[in-house]
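Thanks, everyone. Let me put the model up, and then we'll walk through it piece by piece.

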Amino acid sequence: MTVDLPAATSEPPAIDAASDPSSGAAIPPPRWRHRHLLDVDVLSWQDIELVMVTADSMKEVLARPIAKVPALRGHNVTILFYEASTRTRISFEVAAKNLAADVVNVAAATSSVTKGESLIDTIRTIEALGADTIVIRHPVSGAPYLAAETFGGSIVNGGDGWHAHPTQALLDLYTMREHLAGGSLAGRKVTIVGDILHSRVARSNIWTLTAAGVDLWLCGPPTLLRGFESWASRGAASGRRFTVTSDIDAALQDADIVMALRIQRERMAGGLLPSLREYAARYGLTSERLETVHPDAIVMHPGPMNEGVEIAPDVAAGSRSVITDQVANGVAIRMAILYLLAGGGRG
Amino acid sequence: MSATAIAGMAIGEVVADLEIAGAWAVDPASGRQGPADVLVADGILREVCWLEGDAAAGIDDGGVIVAPGLIDLHAHLREPGNEDAETIASGLAAAGHGGFTTVCAMPNTDPPLDDAAVLARLRAAVAASGSPVGVLAHGAVTVGRAGERLAALGELADGGVIGFSDDGAPVRTAAVLRSALLYAGGLGLPIVDHPEDVGLAEGAEASDGLIATVLGLRGVASAGEEAAVARDIAVLEDVLRDEPRARLHLTHVSTAGALRLIADAKGRGLPVTCDVTPHHVALSDEWLAGARRWAWEGSGDPWSDGALVAAPYATSLRVNPPLRSVTDAAACLTAVADGTADAIATDHAPHAVVDKDVEFGLAATGISGLETALGTVLAAVAAGRLGLGRALAALTIGPAAVLGQRLGRPVGLIEGAPADLVAFDRAESWTVTADTLVSRGRNTPLLGRSLPGRVLLTVAGGRLAYVAED
């Protein structure tokens, strides 16, 4: 399955080019039936495959001398972030610009979440200013659903509270498949270590990775795993392998993929952790600790990293690390998502 | 029902002449129910004529029901201070529409009802509303509900409050609770506590469990409610040694564990009463994820059985205590059935649209409940989860027993007393919409849902409180 994208010079800049027989697409892509990307839980495996294959095409675009296609020319992508972010915001911006979209950046001060203009009013204003797609990041879980209720175009969830970070989970999946021989994740042991409780990355990855049939392990101090046993046990009933443990040695043993999550300083203030030093000593990914993983195992991190806390600098920069690949693939995945939501996958 | 004489009447007018013929009368006070003709004249319940033989033929408990007017132990009427959410007048109109003839107002207004002047203002607003629905007032336990100094409990008692509560928050410390139980006990009045451990509940958006975990909502453990209930009972037991009249009422109890503690305390003869809300009986945290099935139909995992039919994070579901698991909801239902819960109380918490049309975690907590309580409870009856008599008892004689003499009137279908009753039709459903609700607070997750038992008529103290338009 391939998705053909028009070259940078092709005219007209049709979003539907890929499904237009006259554009020369060899195989029409399956239907993309989602208006928004709010979470990965509603994506079928076929949807996920479509994102992956579309991202393959986007990677080809990125490899061109001029890494740009006019697929979204005239399309306004507004990036509305209520939380500080460098990597995700820039990744979406680069992705949108590579598709020739007009990009508007709105850095909403965090304070305006609790006072001043309501989210609904902000969305209405942005809509009136011509946005076709809004990428929203917000500190309150579920906020993108409120935006989607209000907005006439498409909402992409760029991370909401503890809830979801769908493009991260998709780029993680893409990166895992790229690095595993055969590309299949079924039965592979994937271990996510760190602050699971507060992690939207972990939550979205749980959906995609259980759908991919991995042997999923979540590991961290008990205070940062609270509630996840209930999620793991629902997986067990359907034959899925999903383990929640504080035993880092068991979690890393023979793992094919190890993902570290960021530990934030405010967890100490909240009484959830004694100290960063203690966390690093007990759960930090060091080269010694990684001696028991599968010989070809890869190490991932969604960033930003606290080197020396959840991951040792030599591991982050080591041969197992695919962290910079995650960043690069993030652009391709976000191009794919923006493209599909704008109509690129409609049959 | 011959409502022709009623049709042109204004709210508050004395019901001069009314006959409800061939209804199913339910009188929880006498324990009797059956086919009856009910006659009201000059505001007095003249006769409940129980029918037998041919006259009773074809009349069953699936049609028009006549019962004593409903009593709500827990309603937020918002005036003074939050009149955009509710006023005394709109709240009492909502009560009438819901079949309630007495509501107990909570004191967390702005300013709070912590002195006699605010109480006088409440009474004036009730009189001005023209509604015949009775309003009983709770006073605050502490000045400004701040949890530190005792409010003017004696002065408020002299003014006729029915008890004291810092509801919206628990009585902050065990030390203040001990003083309050002692002092209020001396006045013959209960402390009505909102059982919550504020440390565990800080920032809580949902109840701990699968739903909160998957949705990334800050969960509060059931232990937060249970720890508070255990504290309250322990303090009560201590206080009773000095003040045998001390009494504790625990409101909106929502967890199986808290109900076990209360059942145990009752079993030991302690003067503890409690209520549960219709939403903690009939809804569960599955709704947060987008399920819309009754709690007794739920599995606890709406992702696995295709139960997700609505968008997640509806702010109409943000309430404190949060909607709990299907197991907790089942325990609340059982508590109503077995009497561990003395009453069903609405915790009617209307909010203005601007306080709910925001992100879930920023939304005001509360559900507008006076108008949907009866229908929600009748849904449990229709599902065979609760007997009709027991359901109506929890809305009438149950709360009346909690109030005792403070209610100021007998409860039941009592011939010769001022007519105080509700008539509703179990065979007729109605759809909850912004237009069918008369409360200013349309913040209910039941919007768009059809509920059984449309209220036809509410008569409070012999006067008209509500009549259906057609």
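Start with chain B. Its domain assignment gives domain 1 as 4–65 + 419–467 and domain 2 as 69–407. Such bounds come from an automatic or database domain assignment. One caution: this is a predicted model, where local features need pLDDT of at least 70, side-chain atom pairs count only at pLDDT 80 or more, and totals for chains, interfaces and linings use all residues. On naming, residues are numbered from 1 along each chain as its sequence is written, while chains are lettered from A and ligands numbered from 1 in the order in which they are written.

Back to chain B. The centres of its domains 1 and 2, taken over C-alpha atoms, are 26 Å apart. Where they meet, domain 1 of chain B gives 34 residues and domain 2 of chain B gives 46 residues. Contact here means C-beta atoms, placed from the backbone, within 7 Å. On the domain 1 side, strands S14 (421–431), S15 (450–460) and S16 (463–467) of chain B each supply at least two residues. Strands are DSSP runs of E, at least two residues; helices are runs of H or I, at least four; both are numbered from the N terminus. S15(B) gives the largest share of that side, six residues. By class, that side has 19 nonpolar, nine polar and six charged residues. Nonpolar covers Ala, Val, Leu, Ile, Met, Phe, Trp, Tyr, Cys and Pro; charged covers Asp, Glu, Lys and Arg; the others, Gly among them, are polar.

Next, a sheet in chain B. It is open, with three strands in the order S5-S6-S7 and parallel pairing. Pairing needs at least two DSSP bridges between two strands. S5(B) and S6 (residues 100–105) of chain B share four bridges, in the parallel sense. B:Asp72 has B:Val103 as its bridge partner in S6(B).

Now chain A. Domain 1 is 15–165 + 329–344, and domain 2 is 166–322. Their contact takes 23 residues from domain 1 of chain A and 20 residues from domain 2 of chain A.

How do the chains meet? In the contact, 23 residues of chain A face 21 residues of chain B. Helices H3 (119–128), H4 (143–150), H6 (200–211) and H7 (228–237) of chain A each give two or more residues to the chain A side. By class, that side has ten nonpolar, nine polar and four charged residues.

Last, the inside. Which residues have the most contacts inside the largest nonpolar core? They are A:Val258, A:Leu338 and B:Ala423, in a core of 262 residues. A core is a set of buried Ala, Val, Leu, Ile, Met, Phe, Trp, Tyr and Cys residues joined through C-beta atoms within 7 Å. Buried means 20 or more other C-beta atoms within 10 Å of a residue's own, with C-beta atoms placed from the backbone. H12(A) brings the largest share of this core, twelve residues.

Take A:Val258. On strand S8 (residues 257–260) of chain A, A:Val258 and A:Ala260 are buried on one side, A:Ile257 and A:Met259 on the other. A:Thr191 stands opposite A:Val258. In S9(A), the bridge partner of A:Val258 is A:Val299.

Key:
Contact = placed C-beta atoms within 7 Å. Buried ≥ 20, exposed ≤ 12 C-beta atoms within 10 Å, placed from the backbone.
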